[in-house]
Structure formats: C-alpha cells, structure tokens
Amino acid sequence: MTATSTRTGYLYHEVFGWHDTGSGPIFPSNGFGGVQPMLHAESPETKRRFHELVVVSGLIKELHRIEPYSATEEDLLRCHTVEHVRAMQEASKLPKGGDAGDGVSPFGNGGYEIALLAAGGIMAMTDAVLSGEVRNGYALVRPPGHHAIPSMGMGFCMFNNVGIAARHAQTKRGVGRIAVVDWDVHHGNGTQAIFYEDPSVLNISLHQDNCFPPDSGKISETGAGAGTGYALNVPIPPGSGNPAYEYAMTQVVMPALRRFRPEIILVSCGFDASLMDPLARQMVTSEGYRRLTTLLMEVADEVCGGRIAMSHEGGYNPMYVPFCGLAVLEQMSGHTTLVDPYSAFDYMASGPMLDHQRAAIDAAAKNVAGIPA
Ligand code: 3YP
Ligand code: ZN
C-alpha cells in the first residue's frame, strides 16, 4: 500500500490557548492552605510556544494546514455518557466554568465549545489522512483527552479526543481496524476503558510505571470479552531514556502493529516523557522523539500506507516541548529546520538501557502474542 499524498498535515487553532485551566498549579490554589496561585501545569504556554516555533522555524511552510471543526454531541456520545456531556455543557455556562471530573481538570466559561474543537481537530486530521489529502498529520489540540473515561474527565482531559476520532472513523468513514499508540508518559486509561472489550481497536500505551493514574496500566490489563488481547500496556521504569523507549518500539509497538494490521494509526502524543518534564521522571530527548516517529513511520508504511494521525496530549516544560514537537513534525514531513539548542543537555540522558528497564519491556512484549492473529 502506498500513500496517495506525501504531505504532512498540521492543525492548530488560537482558541486552544483560551482553554482556561485557572490559577492552581495542578491543585487549586487556596488562601492560607499553602498552594500559591500560578499558571496551571496544563497551561496554554507549552502548546502556544510549540506552534510559534513551527512558524518561526519556517517548518509551517512545508506543512499542509488542516482546519478543525467542532465535534457534535453525537460524536461525543460514541465514547461518553449523556450525563458527562450534560455536566460539561452546564458547567461551561457558569461564569467561572467547572471541573471535568477529578478536581484537577478545570475549565473556564465556554470550555465545552473549546473541547468540541479539540475533539473535532483530531477528527478533521483523521479525515484528511483517510481521504489521502495528507499522508500523515499532527493535531496540536487542547484540552488533551487520553485520560477521559466514558463517565467523566480526569487528568486535565474533558473528552477523549482520540477515542472520539476513532469511533468517527469507524462509523462515518468506513474504517474497520484502528490502532492507538499512546506515548504520553502517563497511562492512556481513558482510551483503554473505551475500547477494552472492542477487538476493532488495538490500544497500546507506553507509560512510566505507576505514574498516573495510580495503579493503572499494568501488563496484566490486556482487554476483556471480545476485546481480550487488544489492550497492550508497557509500564517503563522511571529514569528510562531514548534506548528504552526505542526498545519498547521495536519489541512491542512495531510487532504488535504488524500482527494487528490497522488501517490507520492514531497517536496520543505527549512530550511528558522528556528529560525536562516536571510531571514524570523519564529522559527522552527531542532526538528520541524523532526516533520514535521514524520507527512508527516505518511500520505504518508496511501496514497501513503510512497513515498516521497524531493528537497532542501532555508535555509540561514550556522551554523544551516545542523542540520535541518540532522534531516529530520534521520527521513526519521529511524537512529539517533549526537545531535544538537543548541538545547540549543530551549527555545527561545518554546512558544505555539498564537491565531492569529491558526486563520490564520484555515482560510487556510477551503480550504481543496474545493479540488474536
Ligand atoms: C494529572 C494529575 C497529576 C499528573 C497529571 C498527568 C496529566 C497528563 O499529562 N496526562 O497525560
Ligand atoms: Zn501525560
């Protein structure tokens, strides 16, 4: 199978920066309670700076811009309960908005409409990849989605953007088999929950072992009922860097995709496994993200005509996320622009994979054979 287009899609909308997560850094700020107000970890800054680097580097000229549209209530309801959708609609009308479900996922007035555009953003990118308008593409959306379960949002997520795009592709675009590769450093528990009993969606999550949500994403979670075997979890020990992540790709993700043979690969792309991230303890560098992208493109060329649609999830270092993102977009599009100055720090992450890291990934790799052939 060959891709009909060689273009790389790119999607961003200024209103994603208007999703208002308030003034509590993860936890709500509180008078004399000790949490001093500051920008929330999931702030506009990381994504806005990523977008601005895409523009200033000149890479934007090599990308094919895709416009987002708003998901409809019907689109949301393919993944979420009507109670969750109604709760988000109602809270969004309040002068100060509300919370998506767990108390650390605030949104402001009008946040519901922004979340519709985020879900519709990855839907639009998926459409563009499926139609052949682009070969692959990146939707730089906000709020993120991979923690949102059917009945509630959590972990900074309101609705499960990638899940909604997958169901949309199946019901409106005639797609059968879809693979989700989630390399955000946290477990993609929401996406896993949505497709846990569904054999048409293979959900692979690489994440730091027991990071967030607590006790979520163990190798023993492999799906249920008709979906048995179609969930794959790769818990990676803290302190892992490029070699361990590459090993997880070659030993788990690539063989699993070859076995499952999806028609398209959706990526929950977080940059919070980076060397510089405050919300996890991994050591992936921009070159590491470039390498993960190369490997994913290789297997996508083999199994699904190169069709990859990425959706932005986490990543909380406003200095570094833009360079990790630029590396991924450069690799997807085959163009290079400027040098990542933070590569001066790569020596910190240059160590080899350690034995316990290899053992953890080898243990997860055993489940690849459990994907029904
Ligand atoms: C949610 C609360 C503490 C950690 C945080 C993780 C959010 C995230 O990036 N998920 O992918
Ligand atoms: Zn994350």
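**View 1. The salt bridge between E73 and R86 in the predicted model.** In this predicted model, E73 forms a salt bridge with R86, and the closest nitrogen and oxygen atoms of the two side chains are 3.1 Å apart. The pair links distant parts of the chain, since E73 belongs to helix 2 (residues 73–77) while R86 belongs to helix 3 (residues 82–93), 13 residues apart. E73 is partly exposed, with a relative accessible area of 33%, and R86 likewise counts as partly exposed, at 37% relative accessibility. Side chains of opposite charge can pair when their charged atoms come close. The structure holds 16 salt bridges, and a network of them links E74, D75, R78 and K172.

**View 2. The salt bridge between R173 and D127.** The side chains of R173 and D127 meet in a salt bridge, with a distance of 3.0 Å from N to O. R173 is placed in the loop between helix 5 (161–172) and strand 6, whereas D127 is part of helix 4 (residues 111–131), so the pair ties together parts of the chain that are 46 residues apart in sequence. The two partners fall into separate accessibility classes: R173 is partly exposed, with a relative accessible area of 44%, whereas D127, at 13% relative accessibility, counts as buried because the limit for that class is under 20%.

**View 3. The salt bridge between R135 and D301, and the helix that carries D301.** R135 and D301 meet through their side chains in a salt bridge, at 3.3 Å from N to O. Because R135 lies in the loop between helix 4 and strand 5 (136–139) and D301 lies in helix 8, the pair ties together parts that are 166 residues apart in sequence. D301 counts as partly exposed, at 37% relative accessibility. Helix 8 has 19 residues, which at 1.5 Å a residue should span 27 Å, and this agrees with the 26 Å that separates its end C-alpha atoms. Helix 8 is followed by G305, whose phi is positive, near 60 degrees.

**View 4. The zinc ion (ligand 2) and its donors.** The zinc ion (ligand 2) is coordinated at 2.0 to 2.6 Å by D184, which is listed with two OD donors, by H186 through ND1, and by D272 through OD. Along the chain, the donors of this zinc ion follow the spacing D-x1-H-x85-D. D184 lies in the loop between strand 6 (178–182) and helix 6 (189–194), and D272 lies in the loop between strand 9 (264–269) and helix 8 (286–304), so the pair ties together parts that are 88 residues apart in sequence. Both of these aspartates count as buried, D184 at 1% relative accessibility and D272 at 0%.

**View 5. The surroundings of H40.** H40 is found in the loop between strand 1 (8–11) and helix 1 (44–56). What does the side chain of H40 reach at 2.8 Å? At that distance lies the backbone nitrogen of E42. With a relative accessibility of 3%, H40 counts as buried. When its neighbours within four places in sequence are left aside, H40 is in contact with T21, G22, G24, P25 and I26, and also with V104, P106 and F156.

Key
Residues numbered from 1 in each chain as written. Chains lettered and ligands numbered in written order. Predicted model: local features only at pLDDT ≥ 70, side-chain atom pairs only at ≥ 80, totals over all residues. Heavy atoms only, no water. Donors = N, O, S within 2.8 Å, 3.2 Å for Na, K, Ca; no water. Helix = DSSP H or I, 4+ residues; strand = E, 2+ residues; numbered from the N terminus. Buried < 20%, exposed > 50% of the residue type's maximum accessible area, 1.4 Å probe, protein only. Expected span 1.5 Å × (residues − 1). Salt bridge = Lys/Arg side-chain N within 4 Å of Asp/Glu carboxyl O. Polar contact = N/O pair within 3.5 Å; in protein donor to acceptor, adjacent residues only side chain to side chain. Contact = heavy atoms within 4.5 Å.
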